[in-house]
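Please keep the view at hand while reading.

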Amino acid sequence: MSARLDQPILSVQGLTTALARSHATVLEDISFTIAPGEVVGVVGESGSGKSMLALSLMGLLPSAVRRTAGRIVLDGDELTSGSADHWRETRGRDLAMIFQEPMTALNPVMRVGHQVVEVLRRRRGFSGYEARKEALNLLRLVEIPSPEKRISAYPYELSGGMRQRVMIAIALAADPKVLIADEPTTALDVTVQAQILDLLRKLRRERGLSLLFITHDLGVIAEIADRVMVLYAGRMAEIAPVRRIFDTPQHPYTQALLASIPDMKGPRGRLVTIDGAVPAIGSMLEACRFSPRCPYRHEICERERPPLGLVSGDQAAACFRPFGYERPIEAVS
Amino acid sequence: MAQFLVKRLVGSFVVLVLVSLMAFAIIWLVPGDPTSAFLDTGATPDQIASLRQQLGLDRPMAVQMLEWYGRIVQGDLGHSILLNRSVTAAIIERLPVTLSLAGLALVFAVVLGVLAGIVAAVHHNKWPDQVVMTLALFGLSVPDFWLGIMLILLFAVKLGFFPTGGYVPFSEDIVGWARAIIMPAMTLAVIQVGFVARMTRASMLEILNQDFIRTADAKGLKRAEIMLRHGLPNALIPILTVGGIVAGALLGGAVIIEQVFSIPGVGRLIIGGILSRDYPVIQGGLLFLAVIYLSVNLVVDILYAVADPRVRLE
Amino acid sequence: MSVAVLKTEQATRSPTIIALTRLLQSRSFLIGAALVLAIALVALLADVISPYDPLRNSFRTRLRPPDAMFWFGTDHFGRDILSRVIHGARISLIIGLMTALLTGIAGTIIGATAGFFPVFDNPIMRLMDALMAFPAIVLAIAVASVLGASVVNVIIALSIATMPHTARIVRASVLVVREREFIEAARALGASELRVLCRHVLPNAFGPLIVRLTYVFATAILAEAALSFIGVGPPPPAPSFGSIIAQGRDFITEAPWITIFPGLAIIVSVLGLNLLGDGLRDVLDPRMRT
């Protein structure tokens with residue numbers, strides 16, 4: 001890898017996307033980096049723009065959504081300034097993605113082995129024989145039992161967990177610099193979820209995988225992420241190392257998310273829920289979007305958009321409260 | 001797979017029994033006496049009785065039906081009154097003509113229809129899509145026999161490119177065969193090209209919205225690779241299921257087109273039988289067409305199972 | 001994501017209004033409706049707008065090519081083709097409409113019985129399969145010929161030929177609707193089976209049926225023409241689109257206009273109905289909804 005350790009492998013600056021027709025923003029001013037070997041978690045409720053973020057990074061936005069601003073740089077290569085063809089060349093080689101629904105993300109009429117082989121042959125120039133051998137290795141790596149048999153199975157013959165392992169093998173076949181995982185465990189049973197998480201952790205350890213891990217489940221985040229970005233209604237609410245998110249959350253939304261996790265150890269109290277819902281696209285405020293649901297809102301929150309301000313060296317939050325309801329100095333990422 | 005096949009075979013057999021019953025029963029629909037079509041009004045009661053005996057109409061319906069089943073299981077479709085020969089033999093003699101007409105039309109319909117449908121789906125809502133869909137809609141709205149007459153008028157009468165009608169056997173003269181068959185086959189195919197194009201487009205558009213297409217896109221495959229390797233194989237499965245419908249429609253259409261282009265095929269035999277109320281020909285011809293249709297659909301079902309691994313398991 | 005948002009906004013309006021709004025935005029529906037309305041008006045006002053009597057023979061004017069006096073020319077009896085096409089629209093549209101109605105009634109009864117009462121399902125559907133094994137047009141020709149040439153018999157023949165597919169469509173929607181919760185709820189409230197079927201299941205199966213019947217209408221106009229061409233269509237002298245073409249065939253080289261114009265009239269009518277059907281399908285057929 002050409003990246004130096006102190007340089008991010010992926011850097012996103014000011015990424016903004018909007019609906020092509022109404023120009024309503026879907027994601028607004030998203031900036032973050034991923035260091036080599038780092039796992040960055042993204043949390044948020046449904047509708048917060050998590051999946052849109054993943055698709056923007058892949059260059060796979062649906063035609064109804066456009067990127068209107070921002071730069072995406074992968075290992076020194078600015079994808080956003082190159083052609084669509086260049087971005088496509090990057091996918092399946094330097095960038096790979098695992099999707100939420102293992103049941104539908106695989107081609108139903110193609111043998112799973114072939115779906116792995118396809119990446120190796122078409123994108124990485126393996127010969128037929130080598131590709132099959134490598135595909136077997138990959139299936140073994142993702143811990144599919146008796147891979148020699150499963151390599152010629154069709155997706156419908158495999159369980160959800162097995163299919164997700166195949167998806168991971170397909171992603172790894174690209175030997176990507178960054179792997180994006182969009183809710184890879186959400187559609188799976190709890191025990192299978194744990195297995196897939198274990199597998200991703202192992203791959204990260206053994207292969208130094210850089211990972212963007214998207215989920216709505218803070219418990220999963222605690223297990224896998226180094227740093228966490230909290231998304232709310234298409235904006236970054238907070239970004240910080242995982243310990244700080246759990247120990248000293250700054251944004252009221254992050255605090256509310258943490259409070260809504262049922263505490264198994266403590267006394268059985270009332271389950272805390274957040275009142276209200278994520279605002280719909282097109283009906284979003286320019287000011288703080290969480291303010292209608294926020295117990296701490298001041299008048300400035302309803303007037304101005306809170307910029308992402310540095311609370312400490314490695315923690316930033318888009319909230320006026322930690323700054324005494326004054327405008328903070330904007331964090332530079 | 002074996003279970004699937006057995007189920008299909010049993011189903012087809014039941015339908016076949018019903019079909020042959022219906023083909024036989026069409027004689028019951030006739031108001032008055034079926035013999036009246038063949039005899040003058042001045043026929044003596046003796047003549048009528050002798051014809052009724054010859055047709056087997058003097059025996060009870062149940063006996064007639066049993067006889068009908070007894071004959072058809074041996075492949076004997078009866079004896080034509082007007083042609084004075086075996087219906088089975090007449091059909092077999094004319095079969096190659098109809099098969100080459102319907103077969104060539106099927107090739108046109110599938111090749112042109114699928115290609116047009118893919119072009120339309122790939123350029124969804126852009127001008128190639130609109131052109132293809134407009135043409136397809138026109139194809140579905142033109143009476144085929146009228147189109148045939150117009151083509152004869154233009155290409156045969158005015159320009160002299162093709163003969164106005166008739167048929168040359170393939171084995172005698174390939175060029176002559178091609179000249180005689182191309183225009184009728186194109187005419188017959190027009191409706192089905194429109195139908196297949198619309199089906200292919202709808203099917204492709206649905207498939208292209210599926211998650212696994214996004215997966216293929218995430219692999220960085222080229223647009224054409226995604227279409228041909230992931231889109232088309234999945235889109236063809238529903239198209240295959242309409243293959244049976246297309247084959248049935250071509251069979252029915254061939255009956256009309258043979259009439260337009262004066263092609264001596266099975267269709268002309270059957271129409272001749274219908275118009276002259278030659279009941280053995282009507283019954284035998286209808287049964288024959290239905291058997292072909294059922295066989296084609298059985299083959300389509302098997303192909304369907306081959307194309308879609310999910311079906312095999314069920 | 002954006003689609004979901006839009007849907008919740010619309011959900012506050014009544015489904016009928018949503019369907020109507022979407023229909024009025026459908027280009028297919030609007031063009032189709034305009035064409036069908038135009039043809040229907042021509043058929044209704046045939047006596048008023050046709051320049052001549054469609055049945056009047058005149059030796060002096062026989063086989064006249066289109067000119068200022070006879071826009072579509074005349075046939076071998078000297079009859080004005082334009083007037084015949086205008087009056088032909090009447091018979092062709094009546095045959096199409098009546099076939100759609102008859103096949104709709106029969107198809108609904110048969111399809112709903114098969115779909116709603118499981119005991120009847122298999123026997124009825126095998127019977128429909130058997131009927132569908134005969135090419136529809138050949139079946140129609142055979143039935144029309146056996147019954148004898150008349151407008152009513154043509155309608156019966158075409159209805160028999162188009163009914164099995166219609167029944168299948170009704171059955172499919174009934175099967176889907178039958179499993180929905182509100183049917184269970186209606187039963188729980190003590191509604192009789194027949195009431196559940198007529199009041200709750202059938203109205204919800206209506207969309208695909210209407211779409212199908214629009215196409216049956218179009219198919220019947222095409223099939224009527226084919227039947228006339230074969231010689232088992234509505235009897236002369238009253239014109240239908242098909243019978244004008246059939247009579248023109250003998251004069252195709254010397255007087256092609258006899259054949260050309262009724263053919264174009266068929267195309268316009270069928271195209272209009274197909275467009276109408278496409279527009280309705282996009283809005284009414286749940287399988288096609290996005």
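## Basis of the description

Axes are lines fitted to C-alpha atoms, for helices over the stretch in contact, and angles run from 0 to 180 degrees between N-to-C directions. Helices (H or I, at least four residues) and strands (E, at least two) are DSSP runs, numbered from the N terminus.

The model is predicted: local features need pLDDT of at least 70 and side-chain atom pairs count only at pLDDT 80 or more, while totals for chains, interfaces and linings use all residues. Residues are numbered from 1 along each chain as its sequence is written, and chains are lettered from A and ligands numbered from 1 in the order in which they are written.

## A helix pair in chain C

In chain C, the axes of helix α5 (residues 81-116) and helix α8 (residues 151-178) come within 5 Å and cross at roughly 40 degrees. α5(C) and α8(C) are therefore oblique to each other, since angles under 35 degrees count as roughly parallel, over 145 as roughly antiparallel, 65 to 115 as roughly perpendicular and the rest as oblique. The contact of α5(C) with α8(C) comprises 19 nonpolar, 10 polar and three charged residues. In this classification Ala, Val, Leu, Ile, Met, Phe, Trp, Tyr, Cys and Pro are nonpolar, Asp, Glu, Lys and Arg charged, and the others, Gly among them, polar.

## The contact of chains C and B

Chain C places 34 residues in contact with 35 residues of chain B; two residues are in contact if their C-beta atoms, placed from the backbone, lie within 7 Å. On the side of chain C that touches chain B, α6 (118-133), α7 (136-147), α11 (206-230) and α13 (257-284) of chain C each supply at least two residues. The largest share, nine residues, comes from α7(C). By class, this side of chain C has 25 nonpolar, six polar and three charged residues.

## The domains of chain B

Chain B is divided into domain 1 (2-87) and domain 2 (91-308), with bounds from an automatic or database domain assignment. The centres of these domains of chain B, taken over C-alpha atoms, are separated by 31 Å.

Between them, 21 residues of domain 1 are in contact with 18 residues of domain 2 in chain B. Helix α1 (residues 2-25) of chain B gives the largest share of the domain 1 side, nine residues.

## The sheet of chain A

In chain A, eight strands form an open sheet with mixed pairing, in the order β6-β7-β8-β3-β9-β10-β12-β11; two strands pair if DSSP finds at least two bridges between them. Its edge strands are β6 (95-98) and β11 (309-312) of chain A, each pairing on one side only.
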